[in-house]
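The following note sets out several points on the model shown here. The numbered paragraphs may be read alongside the sequence and the coordinates.

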Amino acid sequence: MKTFARILRSAVLNRPQVRNSARARFDVSYSQPIGNAELFIIKACGGRYGNEIGRVVAEPFEPTNCCYIMDVVVHPQHRKYGIARELLRRALQHSGQETLVPVSIERDAIAFWAHMALKDDLRVRLGLLNAEILAIRHAMGRT
């Protein structure tokens, strides 16, 4: 008679590895700057049919040496494989800046951004500097 531990070990060793095979296999495409701004989009396409599995929308700003992240999205089936981190790394490299700064953080993404800020491979800053807040207020006409 098999013990529970044997059954569990057998199930773990014999499960299909479908998701792991697609782990690092995706193509990336870069958009041209959008409108008058330097806003750009980087898309990741992959999976079984080569559909879009993630994207990042970013805008570099040289005076602060930051790349502002407007949005980063990864399809739920492709999360936990480092796709978002790779998209952010490429956005930082493409922008030519030193620091990633998310502009607004959705409630569901707080843990993700906190994790990214604590890792050493990407320089991520959470929150805006006083100079950035003043620049936004000035741009909005609220000095």
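1. Glycine 50 counts as partly exposed because its relative accessibility is 41% (buried means under 20% relative accessible area, exposed over 50% and partly exposed in between, with a 1.4 Å probe and protein chains only). Glycine 50 lies in the loop that joins strand S2 (40-46) to strand S3 (51-61). Its C-alpha atom is 8.4 Å from that of aspartate 27, a residue 23 positions away along the chain.

2. This is a predicted model, in which local features need pLDDT of at least 70 and side-chain atom pairs count only at pLDDT 80 or more, whereas totals for chains, interfaces and linings use all residues. Residues are numbered from 1 along each chain as its sequence is written, and side-chain values use heavy atoms, with hydrogens and water left out.

3. The protein has five helices and five strands, in the sequence order α-α-β-β-β-β-α-β-α-α. Helices (H or I, at least four residues) and strands (E, at least two) are DSSP runs numbered from the N terminus. Of the 143 residues, 27% count as buried. Among contacts with a separation of 6 or more, 46% are between residues 24 or more positions apart; contact means heavy atoms within 4.5 Å.

4. Which residues of the largest nonpolar core touch the most other members? They are Val56, Ile69, Ile83, Leu88 and Leu100, in a core of 23 residues. Such a core is a set of buried Ala, Val, Leu, Ile, Met, Phe, Trp, Tyr and Cys residues joined through side-chain atoms within 4.5 Å. At least two residues come from each of S2, S3, strand S4 (66-74), H3 and H4, and H3 gives the most, with six.

5. Helix H3 (residues 83-95) packs against helix H4 (residues 110-118) at an angle of about 60 degrees, the axes being 12 Å apart. Axes are lines fitted to C-alpha atoms, for helices over the stretch in contact, and angles run from 0 to 180 degrees between N-to-C directions. H3 and H4 are therefore oblique to each other (under 35 degrees is roughly parallel, over 145 roughly antiparallel, 65 to 115 roughly perpendicular and the rest oblique). Ala84, Arg85 and Leu88 of H3 meet Phe112, Trp113 and Met116 of H4.

6. Apart from neighbours within four places in sequence, leucine 88 is in contact with Val56, Ile69, Val72, Leu100, Phe112, Trp113, Met116 and Leu122.
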